[in-house]
Amino acid sequence: MNNNLQESAKHIPIMTDQVVEQLITESNGFYIDATFGQGGHTRALLENTDKDALILGIDRDSTAITRGRCLFATEQRLILRHGHFSALADIAQEFQREVNGILMDIGISSDQLDDAERGFSFSQNGPLDMRMDQESGMPLSEWLASASAADIAKVIKDFGEEPYADRIAAAIVDYRKSNSIVTTKQLSALIVNSQPRRPLNKSHAATRSFQSLRIFINNEMEELRQGLNAAAGLLKNGGRLAVITFHSLEGRQVKDMKFGMKAVYKSKPDRSEILSNNRARSAVLRIMEKIN
Ligand SMILES: C[S@@+](CC[C@H](N)C(=O)[O-])C[C@H]1O[C@@H](n2cnc3c(N)ncnc32)[C@H](O)[C@@H]1O
């Protein structure tokens with residue numbers, strides 16, 4: 001596994017100025033970056049707070065935490081913990097401080113996507129894993145080895161809105177009668193061959209299926225539901241929650257949030273940010289404030 005940031009793809013944090021501006025309400029406050037990644041947003045929070053501020057960085061990927069401990073080795077105001085944000089309340093408990101702000105930048109980071117060994121990418125061949133936390137759960141190859149066609153189709157439909165979901169699921173089940181599906185290339189070929197040829201200007205034929213299977217394998221929707229509830233419970237009155245989402249299912253969960261949270265801000269990256277960082281193109285930033 002690649003722990004060296006110089007060698008791994010650099011993740012460009014999204015809408016950093018807006019996150020900093022909207023999230024920091026107290027310059028010596030306690031902030032939680034629940035999706036630490038490469039620490040781009042955390043760095044901005046550190047740069048824009050004072051000496052008594054404390055930042056807790058959490059990531060379910062232990063590689064991100066190990067790398068972060070090296071990158072921020074001299075930063076006394078940052079504490080890093082390996083964990084899932086569904087367990088935010090338990091993780092934050094040890095600090096016994098009122099929480100002023102929480103950031104959730106949903107999805108995967110560029111280094112996870114670009115590391116063929118993690119199995120997230122259809123454009124590079126690698127083991128079909130797709131787990132953000134490789135210390136728990138089941139690699140995708142294991143699930144695909146026994147899941148029914150109906151279950152596979154449901155995941156691809158529900159989380160990817162893929163019109164060819166039934167054909168893709170049938171092709172997977174048929175292929176596995178004589179082969180194990182263990183690489184991203186095998187899966188990508190099955191998905192592409194289940195669909196009519198697409199115009200060159202359309203997204204890759206495996207985009208929706210890969211995204212949906214990643215969401216499923218990492219239990220992302222349930223993680224988000226629990227993480228949002230935990231965040232709402234932890235924040236002090238007037239404290240803020242910033243959530244960056246990348247597709248409508250995630251956005252809907254954030255919009256539907258109750259538990260004493262009021263929506264105060266919504267923004268999308270501007271043209272120049274999208275031009276310099278294509279991965280920002282579908283991002284939406286929402287800010288919620290804790291009310292009585
Ligand atoms: C889009 S990246 C965050 C990038 C980060 N904001 C930065 O500036 O580098 C998302 C990160 O959140 C982590 N993650 C996703 N779901 C998580 C969860 N349920 N609990 C904790 N971390 C999670 C992923 O492992 C990944 O490192």
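A: Begin with the residue classes: Ala, Val, Leu, Ile, Met, Phe, Trp, Tyr, Cys and Pro count as nonpolar, Asp, Glu, Lys and Arg as charged, and the others, Gly among them, as polar. The model is predicted. By these classes, the shell around the ligand holds 7 nonpolar, 12 polar and 5 charged residues.

Q: How many residues surround the ligand, and which are the closest?

A: A residue belongs to this set if one of its heavy atoms lies within 4 Å of the molecule. Here 24 residues surround the ligand, and the closest are His41, Asp59, Phe85, Asp105 and Glu223.

Q: Which side chain has an N or O atom 2.8 Å from a nitrogen atom of the ligand?

A: A polar contact is a pair of N or O atoms within 3.5 Å. The side chain of His41 supplies the N or O atom at 2.8 Å from a ligand nitrogen. Backbone atoms take part as well: a polar one of Arg60 is 3.1 Å from a nitrogen atom of the ligand, and a backbone N or O atom of Gly40 lies 3.1 Å from a ligand oxygen.

Q: How much of the ligand does the protein bury?

A: The ligand taken alone exposes 610 Å², and the protein buries 98% of that.

Q: What is the strand order of the sheet?

A: The order is E3-E2-E1-E4-E5-E7-E6, in an open sheet of 7 strands with mixed pairing. Strand E3 (78–82) and strand E6 (261–267) are the edges, each pairing on one side only. Strands E5 (residues 235–245) and E7 (residues 284–290) run antiparallel and are joined by 6 bridges; Leu241 stands opposite Met288 in E7.

Q: Which strands does helix H3 lie across?

A: Helix H3 (residues 62–71) lies across E2 and E3, at about 155° to E3. Helix H2 (residues 40–47) runs at about 175° to E2.

Notes:
Residues are numbered from 1 along each chain as its sequence is written. This is a predicted model: local features need pLDDT of at least 70, side-chain atom pairs count only at pLDDT 80 or more; totals for chains, interfaces and linings use all residues. Side-chain values use heavy atoms; hydrogens and water are left out. A polar contact is a pair of N or O atoms within 3.5 Å; within protein, one must be able to donate a hydrogen and the other to accept it, and residues adjacent in sequence count only if both atoms are side-chain atoms. Accessible areas come from the Shrake-Rupley method with a 1.4 Å probe; for residues, only the protein chains shown count as cover. Two strands pair if DSSP finds at least two bridges between them. Helices (H or I, at least four residues) and strands (E, at least two) are DSSP runs, numbered from the N terminus. Contact means heavy atoms within 4.5 Å. Axes are lines fitted to C-alpha atoms, for helices over the stretch in contact, and angles run from 0 to 180 degrees between N-to-C directions.
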